[in-house]
Amino acid sequence: MDIIGGIARFIVEEILSQPALLLGLIVLVGLLALRKPAGEVIGGTLKAILGFVILGVGANAVVAALQPLGVMVLEVFGAQGVVPTNEAITGIAAGEFGTTVAWVMLVGFLVNLALARFTPLKYIFLTGHHILFMATMLAVVLSVAQLGDLAIVLAGGILLGTVMVVMPALGQPFMRRITNDQPVAIGHFGTMGYILAGLAGKAFGSGSKSTEEMAFPKTFNFLRDAMVATAVAMILIYLVFSIWFAQVATADQVAAITGGDLVVFGFTQALTFAAGVAVILLGVRTILGEIVPAFAGIGSRIVPDAVPALDCPITFPFAPNAVLIGFVASFAGGLVSLGILALTNGLGLALALILPGMVPHFFTGGTAGVFGNATGGRIGATIGGFVNGVFITFGAAFLLPVMGELGFANTTFGDADFQWYGILIGNVANFGGAILWVGLAVIVAALLALGIWVQTRFVPPPRYEAETSAEPVAPTT
Amino acid sequence: MKILTVCGMGLGTGLLLRMNTEEALKKIGVDDASVEVADISTAKGMGATADIVLTSTELAEQLGQVKGTLVTVQNFFDKGEIERKLREAMGRPQEGG
């Protein structure tokens, strides 16, 4: 008996409490369930574990590279400076919250499958990194509200599984128009921004011509390269603040940051940040390469008529010009909002300064442009992108207070759904006690009701014979 | 045979493309191929050892020349298109024709 108890305790206390090993175990079970050959099972399990270790290595670099920027922005503005980057905050949180995050993901998968099986919301959310990011946000926010580990896993898993079917449903009326009724949904947690962009396009863009009927320079296409985009944005941000800091700081303050030249130091820190994000991306890619196919395989068996909810770039080929217009407009929205945040700071409101992260603005701004174009052409793409940029800037600012210690990390979640969902849940959960549980139940019920209403009202059942429907619009240049 | 599927971040659409490619390979009857995902930043280097590189039209322009056969896919979730273009790249006859 003692030996069995000892083994059980060893598994629970030593293995299941190690996020990397837990993740490996989940993948191991998934691969065995899919009857993969032994080599693939061993390789896949090891890769998931290695992926998690890689995540931690990248997070260290990111934290080290952001710290001096935080000091400089604080000195110059008297406020916290934050560059929203999903990968960075997830990597940083993984050290402390990794175990609960892995459990929340697992429960979230199961809840997604159950909801897809038994409700009209037949979506399987296959964008693995966003599941990971959302699980991280939920684990952090719920732990700040003082929930125990088991409560976090259950509540977090249900909240995760719910949003995994509801957001694709809410985006589907627009996706049908974008993809010409193909059986595919948007599975990306920037969807609130896309819905707002679609609605804005509808309100302001009536009669506006499609973005795809114009020639548009491809200058900004290089920003799809995340490594380059992150580096460019961080170099600009670091240059601005190191030059500014050099003007206002004393020699001692400069010496506390670097013994050498401040501008050169900022340049290397910016590159270190971009390199750290690239390492974290490699870690995430390595983990997901095993988990997502397993989830997709199991999902297609349990919910045969499921519609896959996929990452936002699947919309890009349908309106490549709208992507670039949406990005530029979103970035402009981010800059305008930064200005407003700086002004309110002067008035004594203690909001953090949200500096525009290039990657969130490119991917979510671009998709917002596609949604805006679908309802309101060029005007819709422009206004839609701008609205998205404003939303994700203020969303980041208001998310920080519910993130506890991690709210001071100089980076946070950059996409709309992490933000509104986190703000909503965090503020409800912070009441504690009965209000917390009733509040979370109401959120889940209301979201499901809204999703089912949109689904039954605006989304006809998919036409299965339409296997070879319209090809995406080819670029006009 | 090594096949590379490339998207912007190497996370979402690239992985979808890998899954659909693996399914297509099974249909075609190829079982000795390994399919890997890359982001556009590292694709150039990883492409040096790949026999076939699959990506979207826009990213193909950015990627430029690769050593293996470059296949552009219009619609990442159209399994028919992926299978057709893979058969073409591998010099296998199209199904039913």
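What share of the 477 residues in chain A is buried? Select chain A: buried residues make up 57%. Here buried means that 20 or more other C-beta atoms, placed from the backbone, lie within 10 Å of the residue's own.

This is a predicted model, in which local features need pLDDT of at least 70, side-chain atom pairs count only at pLDDT 80 or more, and totals for chains, interfaces and linings use all residues. Residues are numbered from 1 along each chain as its sequence is written, while chains are lettered from A and ligands numbered from 1 in the order in which they are written.

Colour chain A by pLDDT, the predictor's confidence in each residue, from 0 to 100. The average is 88, and 95% of the residues score at least 70. Now select residues 464-471 of chain A, where the pLDDT is below 50.

Next, show the helices and strands of chain A. There are 14 helices and 5 strands. These are DSSP runs: H or I of at least four residues for helices, E of at least two for strands, numbered from the N terminus.

Select helix 5, residues 128-144 of chain A. From first C-alpha to last, its 17 residues reach 24 Å. Of these 17 residues, 16 are buried, so helix 5 of chain A is largely enclosed by the rest of the structure. Step just past this helix to A:Gln146, which takes a positive phi of about 70 degrees.

Finally, show chain B with chain A. The contact takes 31 residues from chain A and 24 from chain B. Residues are in contact if their C-beta atoms, placed from the backbone, lie within 7 Å.

Conventions
Expected span 1.5 Å × (residues − 1). Buried ≥ 20, exposed ≤ 12 C-beta atoms within 10 Å, placed from the backbone. Contact = placed C-beta atoms within 7 Å.
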